[in-house]
Amino acid sequence: QVQLVESGGGLVQAGGSLRLSCAASGSIFSINAMDWYREAPGKQRELVAAITSGGTTNYADSVKGRGTISRDNAKNAVYLQMNSLKPEDTAVYYCHAIITIILDSGRSTRGYWGQGTQVTVSS
């Protein structure tokens with residue numbers, strides 16, 4: 001039932017900006033950490049930015065100073081603002097969240113992934 005739906009990807013020229021959005025829906029009891037990952041062709045999936053439920057953030061060195069992760073707990077949403085985009089930022093970006101749901105057997109806590117959204121930065 002839990003789903004993460006992403007939006008905001010697209011084709012942008014180098015130096016431009018994008019704001020990626022991800023909203024979680026379903027029978028959610030709580031959301032802990034929320035993260036953005038990306039996977040470029042021929043490369044491993046890497047963590048771009050992370051934010052805890054308390055607002056503590058962490059960024060990959062490659063996006064420090066250019067990316068900002070934020071969340072809206074009331075909307076079960078996480079955002080990634082990326083500025084000064086470079087061609088090497090081209091990748092599929094995935095939203096990830098640690099979510100607790102309530103089952104008949106008790107609580108279940110695990111990671112959930114969005115479907116991914118393509119970001120392409122042209123020279």
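I looked up Cys95 and found it buried, at 0% relative accessibility. Buried here is under 20% relative accessible area, exposed over 50%, partly exposed in between, with a 1.4 Å probe and protein chains only. Cys22 is buried too, at 1%.

I noted the ground rules: the model is predicted, local features need pLDDT of at least 70, side-chain atom pairs count only at pLDDT 80 or more, and totals for chains, interfaces and linings use all residues. Residues are numbered from 1 along each chain as its sequence is written, and side-chain values use heavy atoms, without hydrogens and water.

I checked for disulfides (cysteine sulfur pairs within 2.5 Å). The count is one. Cys22 is joined to Cys95, S to S 2.1 Å. Cys22 lies in strand S3 (residues 18-25) and Cys95 in strand S9 (residues 91-103), 73 residues apart. Strands are DSSP runs of E, at least two residues, numbered from the N terminus. The S-S torsion is about -80°, so this disulfide is left-handed.

Next I looked at Asp35, in strand S4 (residues 30-39). Asp35 is buried and has no salt bridge. That term needs a Lys or Arg side-chain nitrogen within 4 Å of an Asp or Glu carboxyl oxygen. The nearest side chain of opposite charge is Arg71, 7.7 Å away; Lys and Arg count as positive, Asp and Glu as negative, and His and the chain ends are not counted. I listed contacts of Asp35 (heavy atoms within 4.5 Å). Among them are Tyr94, Cys95 and His96, leaving aside residues up to four places away in sequence.

Note on methods:
Helix = DSSP H or I, 4+ residues; strand = E, 2+ residues; numbered from the N terminus.
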